[in-house]
Structures are given as C-alpha cells and as structure tokens.
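Thanks for coming. Please have a look at the sequence and the model first.

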Amino acid sequence: MASLGHIARESSDITRLAQFYKEIFGFEEIESPDFGNLKVIWLNLPGAFAMHIIQRNPSTNLPEGPFSATSAVRDPSHLPMGHHICFSISNFDSFLRSLKEKGIETFHKSLPDGKVKQVFFFDPDGNGLEVASRAET
C-alpha cells in the first residue's frame with residue numbers, strides 16, 4: 001500500500017515559502033540534511049506528510065512551476081481544473097476567516113452534492129492550493 005511521503009516545491013525564496021506553509025497550515029520545520037550548496041527547508045505536517053522547500057537552481061533546466069508563466073496567473077477561480085494540492089480540515093469556516101484576515105484572494109465552491117465546501121488560492125510562488133471541509137456524514 002502506498003502513502004504520501006513528501007511533496008517538493010522549488011522557490012527563489014525558500015524562507016518566505018516555508019513561512020507561508022507554517023503560518024497557513026501549521027507545518028513544523030524539521031531538521032534537514034546538509035546538502036552543501038543546495039539550500040532546503042524541510043517541513044512536516046504532523047500526521048499527514050512532509051514538504052521539502054528547495055532553492056530554485058536555474059541551471060538544472062527542470063520545468064518551472066506556475067510562477068514561470070509569461071504573466072502572473074492570480075485568479076483562483078481557474079484552480080479547480082488546474083494543478084493544485086488539497087488539504088482537508090474540520091474547522092473550514094474558521095480557516096476561511098483566517099485567509100480573509102491575511103488578505104489572501106480566494107475562490108469558493110462546493111461539490112455538486114453540497115456536502116464538501118472548497119476554497120482555492122495561491123501560495124506566494126503561485127502554486128495552486130485547495131482546502132476542503134471534511135465531508136459531513
């Protein structure tokens with residue numbers, strides 16, 4: 001049986017991106033190996049998975065993320081059908097208030113049966129995020 005080990009995100013500002021995930025989702029910074037010139041910050045979301053924030057190195061010629069678009073895409077209403085990571089939470093309304101207080105632009109919708117509420121938004125590097133309420137039973 002497979003399980004999610006970690007997600008890696010590249011960034012030109014790993015400190016800023018790590019702080020966003022710690023503040024918004026409660027990730028905790030954990031010890032990361034010394035990779036020499038490669039700068040990384042490892043984060044852990046207890047009981048869920050880890051995230052590795054990696055300093056972007058343009059010389060690797062890896063495909064870039066959403067931040068490489070010719071113009072910034074900041075309309076979260078396009079995210080339901082695009083690349084994103086989804087988190088599920090039980091305190092959805094409180095989480096929405098927190099995003100609004102931080103001035104984060106969001107797009108809201110629900111699944112067709114109305115049992116799961118969803119909010120879509122971007123991290124500081126333009127990566128798509130979704131937070132869904134836990135299904136009511």
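How many helices and strands does the protein chain have? There are two helices and eight strands, where helices (H or I, at least four residues) and strands (E, at least two) are DSSP runs, numbered from the N terminus. Before the details: this is a predicted model, in which local features need pLDDT of at least 70 and side-chain atom pairs count only at pLDDT 80 or more, while totals for chains, interfaces and linings use all residues. Residues are numbered from 1 along each chain as its sequence is written, and side-chain values use heavy atoms, with hydrogens and water left out.

Along the sequence, the pattern is β-α-β-β-β-β-α-β-β-β. The chain has 137 residues, and 34% of them count as buried, meaning under 20% relative accessible area with a 1.4 Å probe, protein chains only. Take the contacts (heavy atoms within 4.5 Å) with a separation of 6 or more: 56% are between residues 24 or more positions apart.

Now helix 2, residues 92–101. Its buried residues are Phe 92, Phe 95, Leu 96 and Leu 99. These four lie on the same side of helix 2, because they cover an arc of only 100° around the axis, taken from the directions from the helix axis to the C-beta atoms. In general, an α-helix has 3.6 residues a turn, so residues three or four places apart point the same way. The buried residues of helix 2 pack against helix 1 and strands 5, 6, 7 and 8. After helix 2 comes Gly 103, with a positive phi near 75°.

Next, the hairpin. Strand 6 (107–110) and strand 7 (117–122) pair in the antiparallel sense over four bridges; pairing requires that DSSP finds at least two bridges. Ser 110 stands opposite Lys 117 in strand 7. Six residues sit between the two strands, and in this hairpin Gly 114 has a positive phi near 75°.

Last, the second largest pocket. Which residues line the second largest pocket? They are Ile 24, Phe 25, Leu 45, Phe 87, Ser 88, Ile 89, Asn 91, Phe 95 and Arg 134. Strand 5 gives the most, with three residues, and helix 1 also supplies at least two. By type, the lining has six nonpolar residues, two polar and one charged. Phe 95 belongs to this lining and is also one of the buried residues of helix 2.

Methods. On a 1 Å grid over the protein atoms alone, a cavity is a set of points where a 1.4 Å probe fits but cannot get out, and a pocket is an open set with protein on both sides within 12 Å along at least five of seven lines; lining residues have an atom within 4 Å of a point. Ala, Val, Leu, Ile, Met, Phe, Trp, Tyr, Cys and Pro count as nonpolar, Asp, Glu, Lys and Arg as charged, and the others, Gly among them, as polar. Buried means under 20% relative accessible area, exposed over 50%, partly exposed in between (1.4 Å probe, protein chains only).
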